[in-house]
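Dear colleague,

I am passing on the structure we spoke of, and my notes on it come after the model. Please read them with the coordinates open.

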2 protein chains.
Amino acid sequence: MSPGALPGFRDFYPTELAERSYIFGGWRDVARRYGFVEYDGPPLEPLDLYTKKSGAEIVDQLYNFTDKGGREIALRPEMTPTFARMVAARANAMRKPVRWFSLPQLFRYERAQRGRLREHFQLNMDIVGEADVSADAELLAAAIDVMRVFGLTSEDVVARVSDRRLLNALLAGIGVTSEQLPAAYAALDKLDRDPREVLEQRLAAAGLSVQTAAQLFELAGATADEAAFSQLVDAAGATAEWETLRSYLDHLESLGVRDWVRVDLSIVRGLAYYTGIVFELFDAKGELRAICGGGRYDTLLESLGGVSLPALGFGMGDVVLGELLRVRGKMPASEPAVDVWVAYGDSGTVEDAMRVAAKVRARGRSVEYALGSQKLARQLKAAYAAGAKQTLVIATPELSANEAMVRRKDEKVELRVQLDEWIAGA
Amino acid sequence: MSPGALPGFRDFYPTELAERSYIFGGWRDVARRYGFVEYDGPPLEPLDLYTKKSGAEIVDQLYNFTDKGGREIALRPEMTPTFARMVAARANAMRKPVRWFSLPQLFRYERAQRGRLREHFQLNMDIVGEADVSADAELLAAAIDVMRVFGLTSEDVVARVSDRRLLNALLAGIGVTSEQLPAAYAALDKLDRDPREVLEQRLAAAGLSVQTAAQLFELAGATADEAAFSQLVDAAGATAEWETLRSYLDHLESLGVRDWVRVDLSIVRGLAYYTGIVFELFDAKGELRAICGGGRYDTLLESLGGVSLPALGFGMGDVVLGELLRVRGKMPASEPAVDVWVAYGDSGTVEDAMRVAAKVRARGRSVEYALGSQKLARQLKAAYAAGAKQTLVIATPELSANEAMVRRKDEKVELRVQLDEWIAGA
């Protein structure tokens, strides 16, 4: 954040922009490898696009306002409603499964505190039109390959996965009614943060017996021991649901990412619309917020007034990922230095530098030269300050018209070259 | 524009996003070759950042609102105020001249009519800290090289240039007072659009004599004939100003873009803050709005409360440029097809396809395969529908575990290959 910018908004100076571009580059690279194509929508949408999905409460968190035409508007807080709107408009004409990704900037009106941002960028990858669990595996593999492309390993990042269908069956097995499900989910979600007694009180308030609450906590931890977990599954009659999750894990093995993945039924995901497998990516040390979250939302597209198609997707923000890369030393230093600096001596003018610069630029190299009219010594100082990778000196008394001296950065040796030849090889 | 999107906002489906990416790619390529580094700022800024520069009238055209914290906010209508704010905050630490570019999305609350957009993207390139006219030439050369990188020529696009200092001197020479300058500028600006009589009436209303008005019109057209123009310059005592413009043209010659450039004193540019050379790029047939406009604004940074540094820049929108490229057949067809489709036969399962897909993706290729469990014939249909560049068939009864059949798109021949070797070369 910078002086003069609104609270919660970032200025991207060239150094920060280079980091952002590095993240965007990795995102696009992996999305492309998985056959996803990029789309984008407007950063502003009608407010009801969000209230339809998340209820009127969401407005508290939105950057919303009334525009000059009297329309209720919001800066997009997430991409899924725009995605759903766009897919619905052309669903029939599209090859299924749809594999789309986007890199939207998203906005929330958070209370401005301690560097809490009101905007971030997010990689969104979504698959529409495939109900099979292989699509879930494909999607998580892509999220994990994003970690890989940035040099992170399964030592750095853990993917925790759950399945709402399995969890619901297990909860039913221990006697949780469908009315009590929200309280059970809320308790699971807070397992790492709130004291056990507080959670028990809340569960009791929702009508769960002490025994059921105890079984709930046991269930959340049981996935570590597969034999014990199988017993729970058998007892709940949730074999089919467990088979789906097992098949998911097998697929992740085939896709080469199984060692990143841990089953964890306490992964709830705040959003109410998930219907199947859900997942989150965390830094293994547990120091940062979630890197990425997503899952299957088979009923959402229809409920948003669109098409009835199974769908799944995830969002991955630039802020936590960027923090993680910096903490792990995986964010490359930006190097905005020009490829070539053209300097001229007493036998020439800036026009000579311009002619050479134009030719070298036409070869695709980045080139600077001293604007205005400067002495050679000053030009060379400027080249040094710019960190130029190569400095080309032309038009000194010792050089013929088609000659130049070239020096590479950090090298002492100067080479005398034929100018035309050197440019042709630049 | 799409059903459900706000009026004036575009949805970018993959085809349109591919065109946008093509334009962004060309913009970034040229900016980089000229040694410019990318930056970005927030899409929202305090309203007074714009009213400070352009007066309270600007608010009519802005997408502005009051936020939940009671702040007056606007979606950025242009990048220069953000740029000025950011440069001012770090001006002392920066190497001069600063060469920065950005690709912001900009917003205006235009009356929504006939596909009139309320947002567009714009390449902004600015140089700060160089008063010499060589910087002006460098900047225009970059704008013209953007045209070149998209395959346009000086047959397609014309750069019209003027210099406020020269124009002011010439206008003074024919007796236009500084109070009459705005009227004179307005008349020049409307020269192509409004009838001569209407312009004469307006000039008369501003106190210009019939004779002065006639000289004004003569002056605007006189640049075509250099000898006649020199006489005008001599008469007005504007030799120094003309020399600057001549030197600019010489620099453009050295930079290899002189044949795109025409001096045209009727180029006024709406914005009041230009102080020197101004320019616009037009399609040569005159069918579209300006492609690009910019110029020198040596006093703006200081007047925005920032640093006193000479500066110049231009903005080039994606909409007119995109139209021009499409009209001239220079917009490449997007080709989102995957590199490789992996299909499996009766001896295998989707797990086999997944293992191969993971390996080929690790080689940087884009890969799809049929999710779920599908018969080979159906998988091959899907590969065809996806336009896959190569289709790899594994796990048929005729093939050993390390063999595959490969077929390239649009070719009849299938090749039997060693799978590992093929992947290693993919």
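Predicted model: local features only at pLDDT ≥ 70, side-chain atom pairs only at ≥ 80, totals over all residues.

Residues are numbered from 1 along each chain as its sequence is written, chains are lettered from A and ligands numbered from 1 in the order in which they are written, and side-chain values use heavy atoms, with hydrogens and water left out.

In chain A, helix α7 (residues 196–205) packs against helix α8 (residues 210–222) at an angle of about 125°, with the axes 10 Å apart. Helices (H or I, at least four residues) and strands (E, at least two) are DSSP runs, numbered from the N terminus, and the axes are lines fitted to C-alpha atoms, for helices over the stretch in contact, with angles that run from 0 to 180 degrees between N-to-C directions. α7(A) and α8(A) are therefore oblique to each other, given that angles under 35 degrees count as roughly parallel, over 145 as roughly antiparallel, 65 to 115 as roughly perpendicular and the rest as oblique. Where the two helices are in contact (heavy atoms within 4.5 Å), A:Arg196, A:Leu199, A:Glu200 and A:Leu203 of α7(A) meet A:Ala213, A:Leu216 and A:Phe217 of α8(A).

In chain B, B:Arg296 lies in strand β11 (residues 292–296) and is buried, with a relative accessible area of 0%; buried means under 20%, exposed over 50% and partly exposed in between, for a 1.4 Å probe and protein chains only. The side chain of B:Arg296 reaches the backbone oxygen of B:Glu130 at 3.0 Å. B:Arg296 and B:Gly313, although 17 residues apart in sequence, are 6.6 Å apart in space, C-alpha to C-alpha.

As for the backbone, most residues other than glycine have a negative phi, and most peptide bonds are trans. The peptide bond from A:Lys96 to A:Pro97 is cis, with omega near -10°, and A:Pro97 sits in the loop between α3 (80–90) and β5 (98–102) of chain A. In chain B, the bond from B:Lys96 to B:Pro97 is cis, with omega near -10°.

A:Ala395 has a positive phi, near 60°, and lies in the loop between β15 (390–394) and β16 (403–408) of chain A, where A:Ala395 counts as buried at 16% relative accessibility. For B:Ala395, phi is near 60°, and this residue is buried, with a relative accessible area of 15%.

Best regards

Notes: Polar contact = N/O pair within 3.5 Å; in protein donor to acceptor, adjacent residues only side chain to side chain.
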